[in-house]
Amino acid sequence: ALVSSQSTGNPQLFTSIKYFVTSDVPEEIKTMLKEGGAKKEFYISDLVTHVITEGPNFPEREECLEKRTVKSSWVKLSQQLGYLLPTQPFTVFPAGLLDGCVLSTSGIRGDDYYAVWSMVHWNGGTLLKSLSQNTTHLIVGATQSLIKYKAAIANNIPVLVIEWL
């Protein structure tokens, strides 16, 4: 996990938020919003500052295209860190450079890994710890794993150096 599951205890963290929540959002997230001072709206209107959801496919989608529509992980990570994170990395309607890209890393550890994670998510991509059938790119550090590298080459997955980001 990027952060611990412990809250920093900011009881008024979400007081500036007026939200609409889709039916797929876990109760845990709804509780965090309520306890953090957010105000729930029961329908989408100009009052809504954020739409909280699990993914881009929900019945009210068309009404939300002009709203800040974020994954519920934005709520959880903001609560854990004690401040409102930028919403762009959590948007369900990404328009970033890496929109649709699923990346994996090899030979990138510690702070460098977290920097890559941030850049990928900020730009609309997804970062996986291992290669999968959905992986579109492998980003390698100086000491890349030959296993991941060979697997990427065998599956025609582009291999990029970390500086590419």
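Author: A nonpolar core is a set of buried Ala, Val, Leu, Ile, Met, Phe, Trp, Tyr and Cys residues joined through side-chain atoms within 4.5 Å; buried means under 20% relative accessible area, exposed over 50% and partly exposed in between, with a 1.4 Å probe and protein chains only. The model is predicted: local features need pLDDT of at least 70 and side-chain atom pairs pLDDT 80 or more, while totals for chains, interfaces and linings use all residues. Residues are numbered from 1 along each chain as its sequence is written, and side-chain values use heavy atoms, without hydrogens or water.

The largest nonpolar core has 17 residues, including Phe14, Ile29 and Trp74.

Reader: Why is Ser104 called buried?

Author: Ser104, in strand S5 (residues 102-106), has 0% relative accessibility and therefore counts as buried.

Reader: What lies 3.4 Å from a polar atom of the side chain of Ser104?

Author: That is the backbone oxygen of Leu128; a polar contact is a pair of N or O atoms within 3.5 Å, one able to donate a hydrogen and the other to accept it, and residues adjacent in sequence count only if both atoms are side-chain atoms.

Reader: What makes the buried residues of H4 line one face?

Author: The buried residues are Tyr113, Val116, Val120 and His121. Seen down the axis, they fall within an arc of 120°, so they line one face of H4.

Terms used. Helices (H or I, at least four residues) and strands (E, at least two) are DSSP runs, numbered from the N terminus. The arc is that of the directions from the helix axis to the C-beta atoms.
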